[in-house]
Amino acid sequence: MSDVVEKTLTALPSLLSLDSQPGSAKLSSTSKLGNLIRGITELTSKHEEEKLIQRELLSIKEQVSSPNTTMRQMKELMVRTIYCEMLGYEASFSYIHAIKLAQQGTVLEKRVGYLAVSLFLNESHELLLLLVNTVLKDLQSTNLIEVCMALTVVSQVFPKDMIPAILPLVEEKLNHPKEIIRRKAVLALYKFYLIAPNQVQYIHNKFRKALCDKDPGVMTASLHIYLQMIQENPDGYKDLTSSFVTILKQVVGGKLPMDFNYHSVPAPWLQIQLLRILSLLGKNDQGTSEIMHEVLDESLRRAEMNHNITYAILYECVKCIYTIHPKSELLEKAAKCIGNFVLSPKINLKYLGLKALTYVVQQDPKLALQHQMTIIECLDHSDLIIKRETLELLFRITNAQNVTVIVEKMLEFLRMNKDDHTTTDLVGKVAELAEKYAPDNEWFIETMNTVFSVGGDTMQPDIPNSFLKLLSEGFDSVEEVRKLRLFAVNSYISLLRGDPGKLPQRFLQVISWVLGEYSHLREDVDPAVVTRLLAKLLDMKNSSSETKSWVLMAMTKLCEGGAGVSVAKEVSETYSSSLDTVLRQRAQELQYLSQDSELRAKVLPRGVGLEHVEVDSSLSFLDGFVSEALAAGAAPYKPPHQRQEELARSKALSLEPYGLSLPMSMSSCSITDRQSPTLLSMSSGLSGDSTDLSHKGGSTTLKLDGVKRVWGKEGYLVQREPVEEAARVEVPSPLRSPGQQGEGDTSHSQTPTPTPTSECDQEKQQLASSLFLGLSSQSSVCLMGKPEPQRFRRKAKGEATSSSTSEQTSNSLVSPPSTVDNLLCNNLLDSNASQLVVSSPERTSQLSQDLTSSNGTWDRESEFTNSDIKESDTAPIRDNCVAVPHQDKDRPKDLSLTSHLPAELSGFSHSEISPLCTDRSLDLSACHVQKEDSLALVVFIANSSDSDIQQMLLQVDSEELEISRVSEGEMEKVCSHSVAVCHYSLSVKRPSVHVEVTGMVSYQLLDGTPHSVNFSYKLPLASFIRPLKVSTEEYGTMWLAFSHDTKQNLTLISDGPEPLTSTLNVLKEKLQLHVVEIIGVEGIVACRLLQDQPCLMHCRVHAGALSVWLRSPVPDLPDCLIYHCQRALQEH
């Protein structure tokens, strides 16, 4: 042990002791802090505690402000201040003194200073800027303790903008001879990756070195980073599978030091981390899964001790076994393990078993049948958590045959539940089951009525929106739609004639909209009667302004005839003078439209479907006006949150890092990051009655109160207790059929009664036969989350008459990841997708037979219906998908497919043809072709079977891209051993580092069996970048007009005498950028993103690096482009 460490350990007992100092009173921190704690514990009220703490803080404030207070005394004062802050009392006056203590004190005093800083401040606090130089100095110190303290505070609180300043020093610590320094450096980099992933992309190879570190602690720390990266891109780390398996074998075999053992279990948390990583790597990959079968078997065998930590390891083993490619022996052992958990009398183990069973039941539904009686007993368990997890399990095994029983059990739990979060979650599940598996219209409406009543105003707004969308758009059967709407009208009229005062506000809004739209279906009910019922809702005291707005809109649709007009006139007179502007507007509309029936028929036509409305949320039609105003000297628009930030910054310390040394004309117009315009909710357009356009994002104004507190001046900040009355509301069901009434009575009679044991067992057997109905025949019944024909099959996008918020269907296509999620991408994908090749006979490629590939995933489905597909661009196989004779099977497939490229694309360079997925009848491949003004996607559909394929339908969709078909015409047949080619044009609508096209091919074989195949195709954003040729003057004008920017230091290539020119030439060659001008050590570059989305780059050589500043009118584009610039320079 070194002298420094030895001295530190010797001095630790004196951390809270202090000798007298000259020039100040004698202080003893032990007695001071001890007296404070004893004084607080002896108090009898919160008011007395507050007075005592205020006196203590006043005394501390006087002492820290005294010039005679030494660093040792300051250390003692910081300890007492930390205790006061822990109690919830603000001591902001001490924050600056904590930073001074960390800067100027000795090792022990710096330790207390760093501790106080990490507890007092958050990552966005303005005073952290003063700590950057101290951290830089301590990272370069030869004292190991100072280096450790600096790395610790960096991994806890550090400004995001200052990461580039210390990143090289932290990176150097990965090679430090002391293992504790290397471990803390890895944890600091993990923190950087979480808050700024694009700034640590280029040091992935050093993460691999940390994984192979000889110290187990450093290796364990690196697993945190790898788990995060593999979650985002598992294909990029398949080559490390054998390394993770080897590490797990060594851990399970007890090769690690005894210090890593916990209750005689070798490194349990390390085992759990490795099992999670292996499950991600082995999913849908047979080759990778076979590597880990042996070590999983060993982990299951060794984790047999009766201790909580071994149960956690077993749980992760079971999840991993059921996630990777299956092996029968391992599945049997995992099923036995789950059975031991479920049958355990211990509540914790039973919960763990239900959790595992819920996870694996989709892969093995019969496993639930083995424990059906135990699951029935869990429904009546006294522990609410066990009940909730049992209902989650039942939700997973729901099908069309058992939906009524399972939904009834969920509703029973909801009526007695008092937790808002649980209510919100279960209400959403019940609504999803009701729409997917409803046996008839009556049951669906009654169930949704109960959902709206029990869920109250806490449920997600998507539930009523989706319900109204279903009623509005309808589904396949016109007669069934009419019956559904009529039953809803009958039900809601009966509810309004009862006691509507107990119904939640959202339910009243749904009732108002339905009656306003479809009450005319009740020919025996006069519209004036419905209008009077709605008018009663306006008189209720608990009706909100938004509900009244819905009611007034519904009355406007119904006001006809003498009685209806008189009611409308009375209501409009009442609300014409309302202080609420929306209510006043609705009242004026009601007044005018009730008097003019012809105008009302034109404005609110009855029985006419709503037209699809395109909403330009970005207000791009104002671009010309904005450009002219900016050119005339107008200031760029700043969102409210940015104006608030700037106002706060003007009154406080500046948080902006020093910018690049640019000309005054450019640097003076710096604009910070902005958020894109808030997207309009399409669901609100369905009703037109929404009055509360609240922005839930909140303000991003700097918070200067320090860390978030759980304790306040009034004590612990407990959560609000839910209102009990809302849970007790029961919806009358006036129109329940006799058969359903009997079913309802039976389901409610499940309450325990003092009957003989044989009768109880018999009732449980009957309930089990109802709950688990259909699980034994997997071929005919599908579980929740798997494709199955729905009762309410929504119309396709072309048939729909209105646009609303998209619902989440069980068979929806995989949505592409966001910009942040895409920052870590597959290296192989980058190299394959970015390097274009001209068609040549020497190019060969084999279609992969695996279930996944580096460029796509697939999922084959046995049953297919149009309703199960997410609404997207539906593209039947077109004329340009010419079926041509298949080439010789012995020839390379890449070569044979290249010859099928459309003639108009034959002269352009294209990427390598990548296999997307493989079915027993189809082979799907794709490539993209670079054109000057567009990017083309070509999909090859090869029929490898001996029979023709009928009713071929190809659907493609993307959240980031605009996809348009190149030609029209249909072709629904692909002959045996032939290839169909589909041609699409792509352009970017939302920039992302990598964009993804998802799609589905559905078809029928000659025997009439429907099949479908899902696929995805990823492209780097660099494929859409084209040079933007502008002059220097045009560049300057555009620079001032653009509002979204980012700054970053890039690697400078020093191959030639002019590093700047060499670097820009590399970027020009790999990313197709246009170098506008180079003057000395500065250069300006321009490019555009298809279609016509410009981005400008200002480069300057500074301190051996290339300082880059990017600006664009498109959000996220500068961040995405800077990432590809980094990759291009690294690959050079």
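**Group meeting talk: a walk through a predicted model**

Okay, the big picture. The protein has 44 helices and 23 strands. Of its 1132 residues, 50% are buried. If you take the contacts with a separation of 6 or more, 73% of them are between residues 24 or more positions apart. The accessible surface comes to about 53000 Å², and carbon and sulfur atoms account for 51% of that.

Helix H3 covers residues 46-65, which is 20 residues, and at 1.5 Å a residue it should span 28 Å. Its end C-alpha atoms are 28 Å apart, which agrees. Inside H3, the buried residues are Glu-49, Leu-52, Ile-53, Glu-56, Leu-57, Ile-60, Gln-63 and Val-64. Look down the axis of H3 and those buried residues fall within an arc of 135°, so they line one face of the helix. What sits on the other side of H3? There we find His-47, Arg-55, Leu-58, Glu-62 and Ser-65, which are exposed.

The side chains of Lys-46 and Glu-49 meet at 3.3 Å, N to O. Both residues are in helix H3, 3 residues apart, about one turn of the helix. Are the two partners buried or exposed? Lys-46 is partly exposed, with a relative accessible area of 27%. Glu-49 has 16%, and the cut-off for buried is under 20%, so Glu-49 counts as buried.

How many salt bridges does a search of the whole structure find? It finds 28. Let me show you another, between Arg-276 and Glu-316, with the closest N and O atoms 3.3 Å apart. Arg-276 lies in helix H14 (residues 268-282) and Glu-316 in helix H16 (residues 308-323), so this pair ties together parts that are 40 residues apart in sequence. Arg-276 is partly exposed at 36%, while Glu-316 is buried at 7%.

Then there's Arg-522 with Asp-524, where the closest N and O atoms are 2.8 Å apart. Arg-522 is buried at 17% relative accessible area, and Asp-524 is exposed at 63%. Salt bridges can share partners, too: that is how Glu-392, Arg-396, Asp-425 and Lys-429 are joined into one network.

On to the surface. Leu-619, Phe-621, Leu-622, Phe-625 and Val-626 form a nonpolar patch there, with about 510 Å² of accessible area together. One of them, Phe-625, lies in helix H33 (residues 623-631). Phe-625 counts as exposed, at 59% relative accessibility.

Next, two residues with a backbone angle to look at. Ser-264 has a phi near 70°, a positive value in a residue other than glycine. Ser-264 is in the loop between strand E1 (261-262) and strand E2 (265-266), and it is exposed, with a relative accessible area of 61%. Asp-1116 has a positive phi as well, about 75°, although it is not a glycine. Where is Asp-1116? In the loop between strand E23 (1105-1112) and helix H44 (1117-1131). At 33% relative accessibility, Asp-1116 counts as partly exposed.

Val-956 is in strand E13 (residues 950-957) and counts as buried, at 2% relative accessibility. Gln-1048 lies in strand E19 (residues 1044-1050) and is buried at 13%. Leaving aside neighbours within four places in sequence, Gln-1048 is in contact with Gln-199, Leu-1106, Ser-1107, Val-1108, Ile-1122 and Gln-1126.

That's my tour. Thanks, everyone!

Key. Residues are numbered from 1 along each chain as its sequence is written. This is a predicted model: local features need pLDDT of at least 70, side-chain atom pairs count only at pLDDT 80 or more; totals for chains, interfaces and linings use all residues. Side-chain values use heavy atoms; hydrogens and water are left out. Helices (H or I, at least four residues) and strands (E, at least two) are DSSP runs, numbered from the N terminus. Buried means under 20% relative accessible area, exposed over 50%, partly exposed in between (1.4 Å probe, protein chains only). Contact means heavy atoms within 4.5 Å. Patches are made of residues with over 30% relative accessible area and no salt bridge: like charges are joined within 9 Å, nonpolar side chains (Val, Leu, Ile, Met, Phe, Trp, Tyr) within 5 Å. Accessible areas come from the Shrake-Rupley method with a 1.4 Å probe; for residues, only the protein chains shown count as cover. A salt bridge is a side-chain nitrogen of Lys or Arg within 4 Å of a carboxyl oxygen of Asp or Glu. The expected span of a helix is 1.5 Å times one less than its number of residues. The arc is that of the directions from the helix axis to the C-beta atoms.
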